[in-house]
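Work through these exercises with the model open. Try each task before you read its solution.

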Amino acid sequence: MPEASSDASILIAVSWQALNRTIQNNKETVVCDSTVVILFAAFFIEANLNHIIDELGKKEEMLDFLYGKKRRGEKHPGLQDKLAWFYNSFIANSPIVTKGQMYKDGIRESLREKFPGFDVIYEFRNKISHGEIQKTIANREDAEFLWQQAK
């Protein structure tokens, strides 16, 4: 998928540079370089989803679906919620979840099947946001695979 916005272009460029450093497999920097690749892959996915939702003028529809029309206050859905709504609305042959059912079992499994690598990228990003680096995933092979999956 080509980059949908200038933000996504910058994010994929940063991850591309880190990917090239990761491929060099420098033992001293591979964890750092791989972390940047995977983290920016997650940012790239979300930047594209944000852009697509905005360009389609579907933000209110998405928020209504996720939180209901009677929602109070400003809502900021996360990456998985955005992807689930997008998949449910535009890709699935029949909706995998119905309004108000976003957190029922099955949504993560459906996203894992349709978007291999997403769950790993999503969990990696979330753990980093809490100060934890998954060193078992921050390696050359996983970084290359996940970067390709994000694109």
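A nonpolar core is a set of buried Ala, Val, Leu, Ile, Met, Phe, Trp, Tyr and Cys residues joined through side-chain atoms within 4.5 Å. The model is predicted.

**Exercise 1.** Find which residues of the largest nonpolar core touch the most other members.

Solution. Start with the core itself: 39 residues belong to it. Next, pick out the members that touch the most others: Ile45, Leu79, Leu111, Phe118 and Ile121. Then list the elements that give two or more residues: helix H1 (6-23), H2, H3, H4, H5, H6 and helix H7 (140-150). H2 gives the most, with 11 residues.

**Exercise 2.** Decide whether H4 is mostly covered or mostly open, and find what covers its buried residues.

Solution. First, set the limits: helix H4 runs over residues 79-91. Its ends, C-alpha to C-alpha, are 17 Å apart, close to the expected 18 Å. Now count: 10 of the 13 residues are buried, so H4 is mostly covered, buried meaning under 20% relative accessible area. Leu79, Trp85 and Phe86 are among them. Last, look around: the cover includes helix H2 (30-56), helix H3 (59-67), helix H5 (107-114) and helix H6 (118-129).

**Exercise 3.** List the contacts of Leu111, leaving aside neighbours within four places in sequence.

Solution. Leu111 is in contact with Gln80, Leu83, Ala84, Tyr87 and Phe118.

**Exercise 4.** Is Arg125 buried or exposed?

Solution. Locate Arg125 in helix H6. Its relative accessibility is 16%. The cut-off is under 20%, so Arg125 counts as buried. Beyond four places in sequence, Arg125 is in contact with Leu39, Ala42, Phe43, Glu46 and Leu79.

Definitions and conventions
Residues numbered from 1 in each chain as written. Predicted model: local features only at pLDDT ≥ 70, side-chain atom pairs only at ≥ 80, totals over all residues. Heavy atoms only, no water. Helix = DSSP H or I, 4+ residues; strand = E, 2+ residues; numbered from the N terminus. Expected span 1.5 Å × (residues − 1). Buried < 20%, exposed > 50% of the residue type's maximum accessible area, 1.4 Å probe, protein only. Contact = heavy atoms within 4.5 Å.
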